[in-house]
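Me: I am new to this structure. Please take me through one part of it closely, and then show me what surrounds that part.

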Amino acid sequence: MICKAMVIAAAVTLAACSSPAPKVAATANQPDPTILLVPVVVTDPALSSGCWAQFYSDRNFQGDMATLVGPAELATLDKGTAQQLKRQIDSVTVGPKATLQVYEHSMFRDRVVNFPANSREGGLIRKLGFGGRIEAMRLVCS
């Protein structure tokens, strides 16, 4: 019921903005038209599967965010857009049906750190123990 009222209010406001303004004497003190911003929730069907991980550029889930939907394997973060991801991961959230594995070196070699389903880590450098540089990752769906 509230959503319907918000949609109607938004439509009326937009209609008022699109109609030509009445001619008013230059001395009249009239307010400008009001523009109403209605919040919109966008859901992605891929995220509803629960197999995803969200990476944040700053500590404590702040800054730019990138989402990886699984299952996925990134054997190296040295190519293309993955380079940006490699440099800017400082916190991570893992979905309810996913397990994230991050590796110290490309091609899934050497040390690995696992993040189970529904985990949140606000400071990766401390958690990883290998300088915070992630070279490869694997997102497994359960």
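Reply: Start with the open sheet. In this predicted model, four strands form it, in the order β3-β8-β5-β6. Their pairing is antiparallel. Look at the edges next. β3, residues 72–74, stands at one of the edges, and β6, residues 109–115, also stands at an edge. Each has a single partner strand, so one side of each is left without a neighbour in the sheet. From one strand to the next, the twist averages 20 degrees.

Now go to the pair β5 and β8. β5 covers residues 98–105 and β8 covers residues 136–141. The two run antiparallel, joined by six bridges. To find one of these positions, pick Thr99: its bridge partner in β8 is Val140.

Another pairing brings in β1 and β2. β2 spans residues 62–69. It pairs with β1 over six bridges, in the antiparallel sense. Tyr56 stands opposite Met65 of β2. The two strands make a hairpin, with three residues between them. In that hairpin, Asn60 takes a positive phi near 55 degrees.

Stay with β1, and zoom in on one residue. The strand runs over residues 52–58, and Gln54 lies in it. Is Gln54 buried or exposed? Its relative accessible area is 16%. The cut-off for buried is under 20%, so Gln54 counts as buried.

What does the side chain of Gln54 reach? Another, at 3.2 Å, goes to the side chain of Thr67. Leave aside residues up to four places away in sequence, and Gln54 touches Met65, Ala66 and Thr67, along with Ser91, Val92 and Thr93.

Now step back to the whole chain. Three helices and eight strands make up its list of elements. Along the sequence they follow the pattern α-β-β-β-α-β-β-β-β-α-β. The chain has 142 residues, and 33% of them count as buried. Take the contacts with a separation of 6 or more: 64% of them come from residues 24 or more positions apart. The accessible surface of the chain comes to about 9500 Å². Carbon and sulfur atoms hold 58% of that surface.

Methods:
Residues are numbered from 1 along each chain as its sequence is written. This is a predicted model: local features need pLDDT of at least 70, side-chain atom pairs count only at pLDDT 80 or more; totals for chains, interfaces and linings use all residues. Side-chain values use heavy atoms; hydrogens and water are left out. Two strands pair if DSSP finds at least two bridges between them. Axes are lines fitted to C-alpha atoms, for helices over the stretch in contact, and angles run from 0 to 180 degrees between N-to-C directions. Buried means under 20% relative accessible area, exposed over 50%, partly exposed in between (1.4 Å probe, protein chains only). A polar contact is a pair of N or O atoms within 3.5 Å; within protein, one must be able to donate a hydrogen and the other to accept it, and residues adjacent in sequence count only if both atoms are side-chain atoms. Contact means heavy atoms within 4.5 Å. Accessible areas come from the Shrake-Rupley method with a 1.4 Å probe; for residues, only the protein chains shown count as cover.
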